[in-house]
Amino acid sequence: MYVIIGIIWLVIDQVTKFWVQEGMSLGQSIPIIPNVFHLTYILNKGAAFGILANQRLFFLCIVIVLLAVLWYFRRYIVAGDAYTKLGTTLLVSGALGNAWDRYYLGAVVDFFDFRIWPIFNVADIGICIGVVLLAIHVWRSPQGGEHNG
């Protein structure tokens with residue numbers, strides 16, 4: 001089931017990015033709720049907030065390392081709770097979605113623009129939710145968080 005969720009998340013990410021690329025000009029901003037939420041098409045060559053711009057190979061290597069680490073822990077993930085499984089699923093799906101863009105476009109397509117936060121995409125949402133779910137798992141586990149005594 002989690003593989004299906006990951007594939008669906010990845011497809012939604014790529015379809016929305018394709019839609020933005022085909023329907024908007026680079027730099028174009030469409031107000032959905034003026035001064036609150038816009039669709040703004042940018043190509044981000046860095047990470048969040050544009051840091052480490054033009055480090056395409058570095059970011060692709062990070063995804064490869066992430067996948068290798070997750071492969072190493074695959075038995076733990078598969079045996080884990082829903083937070084672990086869904087968190088890992090969304091993290092991997094988001095990382096692959098943005099890696100696809102970096103590999104094929106040299107930058108990540110971003111478009112959700114809340115005007116008070118950096119512009120982001122569906123893959124970024126998956127990465128953030130995935131990290132939060134994994135953090136909840138660690139916090140709730142007997143080996144981590146407040147449960148250590």
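The lining of the second largest pocket comprises 11 nonpolar, 4 polar and 2 charged residues. In this predicted model, that pocket has a volume of about 470 Å³. Of its 17 lining residues, those closest to the centre are Tyr-2, Val-3, Thr-88, Thr-89 and Val-92.

**Second largest pocket: contributing elements**

- Helices H1 (2-23), H2 (56-72), H3 (74-79) and H4 (82-105) are the elements that each give two or more residues to the lining of the second largest pocket.
- Helix H4 supplies the largest share of that lining, with 6 residues.

**Overall fold**

- The secondary structure of the protein chain consists of 5 helices and 3 strands.
- Along the sequence, these elements follow the pattern α-β-β-α-α-α-β-α.
- Among contacts between residues at least 6 apart in sequence, 62% join residues at least 24 apart.

**Packing of helices H1 and H5**

- Two packed helices are described by the angle between their axes and by the distance between those axes.
- For H1 and H5, the angle is about 145° and the axes lie 8 Å apart.
- On the H1 side, the contact is made by Trp-9, Ile-12, Asp-13, Thr-16 and Lys-17.
- On the H5 side, the contributing residues are Val-122, Ala-123, Ile-125 and Gly-126.
- By class, the residues of this contact divide into 5 nonpolar, 2 polar and 2 charged.

**Asp-13, a residue of the H1 contact with H5**

- Asp-13 is located in helix H1 and is one of the residues through which H1 touches H5.
- Asp-13 counts as buried because its relative accessibility is 0%, and the buried class covers values under 20%.
- Apart from neighbours within four places in sequence, Asp-13 is in contact with Gly-97, Asn-98, Asn-121, Val-122 and Ala-123.
- Val-122 and Ala-123 also belong to the H5 side of the contact between H1 and H5.

**Largest nonpolar core**

- The largest nonpolar core has 10 residues: Val-20, Met-24, Phe-37, Leu-39, Tyr-41, Val-109, Phe-111, Phe-112, Phe-120 and Val-122.
- Strands E2 and E3 are the elements that give two or more residues to this core.
- Phe-120, one of the core residues, is in contact with Asp-110, Phe-111, Phe-112, Phe-114 and Ile-125, leaving aside its neighbours within four places in sequence.
- Phe-111 and Phe-112, both among these partners of Phe-120, are themselves members of the core.
- Val-122 is a member of the core and also takes part in the contact of H5 with H1.

- Asn-35 has a phi near 65°, a positive value in a residue other than glycine.
- Asn-35 is found in the loop between strand E1 (29-33) and strand E2 (37-44).
- Asn-35 counts as exposed because its relative accessibility is 67%, and the exposed class covers values over 50%.
- Arg-115 likewise is not a glycine, and its phi is positive at about 70°.
- Arg-115 lies in the loop between strand E3 (108-113) and helix H5 (122-140).
- With a relative accessibility of 41%, Arg-115 counts as partly exposed.

Key
Residues are numbered from 1 along each chain as its sequence is written. This is a predicted model: local features need pLDDT of at least 70, side-chain atom pairs count only at pLDDT 80 or more; totals for chains, interfaces and linings use all residues. Side-chain values use heavy atoms; hydrogens and water are left out. On a 1 Å grid over the protein atoms alone, a cavity is a set of points where a 1.4 Å probe fits but cannot get out, and a pocket is an open set with protein on both sides within 12 Å along at least five of seven lines; lining residues have an atom within 4 Å of a point. Grid points are joined across faces, edges and corners, and a volume is the space filled by probe spheres set on the points. Helices (H or I, at least four residues) and strands (E, at least two) are DSSP runs, numbered from the N terminus. Ala, Val, Leu, Ile, Met, Phe, Trp, Tyr, Cys and Pro count as nonpolar, Asp, Glu, Lys and Arg as charged, and the others, Gly among them, as polar. Buried means under 20% relative accessible area, exposed over 50%, partly exposed in between (1.4 Å probe, protein chains only). A nonpolar core is a set of buried Ala, Val, Leu, Ile, Met, Phe, Trp, Tyr and Cys residues joined through side-chain atoms within 4.5 Å. Contact means heavy atoms within 4.5 Å. Axes are lines fitted to C-alpha atoms, for helices over the stretch in contact, and angles run from 0 to 180 degrees between N-to-C directions.
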